[in-house]
Amino acid sequence: MALIVGVDAGGTKTIGVAADENGRLLKTARGAGANLHVHGELAVEKVLAHLLDELCPDERPEALCLGMAGVDRPGEDAIVRSLLRRLGFRGNAVVVNDAVIAIAAGAHDRVGVVVIAGTGSIAYGIDRQGKTARAGGLGPTLADEGSAGWIGHKALLASVRASEGRGPATQLADAVFHALSVASLSDLPAMAYGGGLTRERLAELAPLVIEVARQGDAVATGILEEASFELASAARSVARQLDFGDAPYPLIFSGGLFKGLPSLVESIAQKAALHGAIPCRLKHEPAEGALSMALDLYRSRKAARP
């Protein structure tokens, strides 16, 4: 029996699924985050090695597809492929952006637009001619608007401004300071500049923002509204670069932010107002999309053998 593996390597968690050559799911495994920029090459290699040992302890898979943020940028694909070679993979692995496996998991023909909002964010699309486009997904310094990390940072800034009387009063101030275990504003600089306020830590504040917004807080509500606008803008940018003709296509929403705030899907879809787009939450793990791509690789390699 041939083992096939699909992996979704995210900023906060990594999920892998193993199946036989017929696509029958055999096992699922979870590991820590595996983002090159955040965790570094060595840590990513350790996470993937541990995941593979759990999924298939006795042998390496016949084919692997790894979805990971940022790997479609120059240089990063080479780093990941070198890492995979050290793990025993040569021509039997494919590496793609994590948005690609989300589309593979959510669209049977792998055509459509996906908006991912987890620790980070990206909009990505593939049309029927195979053309691709993206918006965002460049990290917090350049383009990560609407993500959980971005929302948490906005909440922190609003809390600072409210505490200093430079911004509107908000329940976020007390809630954020309590969540970060700081007694007052004066305790924040040491945390902020000492490495304690990572993007992952800020992303953990997003559920708090959602909770405070549900209590009617105008500042928290405004942050979520701005996040909705930014993600809709990214989806529009992608759709404008592609050609879906008059045929309908899925507008897929993936990531932890949509699990915590399902109403965000409708809000973004309304703001994006994309002709022919059918909004839908991703019902399967992106790792299952990676698995389907790994199965394609396995079958093509098998067909090419003499």
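Guide: A residue is called buried at under 20% relative accessible area, exposed at over 50% and partly exposed in between, using a 1.4 Å probe and protein chains only. This is a predicted model, where local features need pLDDT of at least 70 and side-chain atom pairs count only at pLDDT 80 or more, while totals for chains, interfaces and linings use all residues. Residues are numbered from 1 along each chain as its sequence is written, and side-chain values use heavy atoms, leaving out hydrogens and water.

Visitor: Okay, is P250 buried or exposed?

Guide: P250 counts as buried because its relative accessibility is 18%. It lies in strand β9, residues 249–254 (strands are DSSP runs of E, at least two residues; helices are H or I, at least four; both are numbered from the N terminus).

Visitor: And what is P250 in contact with, leaving aside neighbours within four places in sequence?

Guide: Contact means heavy atoms within 4.5 Å. For P250 that gives A107, V111, G112, V113, I278 and C280.

Visitor: Which residues touch the most other members of the largest nonpolar core?

Guide: In general, nonpolar side chains tend to be buried together in soluble globular proteins. A nonpolar core is a set of buried Ala, Val, Leu, Ile, Met, Phe, Trp, Tyr and Cys residues joined through side-chain atoms within 4.5 Å. Here the largest core has 56 residues, and I151, L172, V176, L251 and F258 touch the most other members. Helix α10 (residues 218–241) supplies the largest share, 11 residues. A second, separate core has 31 residues, including A63 and V114.

Visitor: What does V176 touch, not counting residues up to four places away?

Guide: V176 touches A155, L156, S159, L205 and L208.
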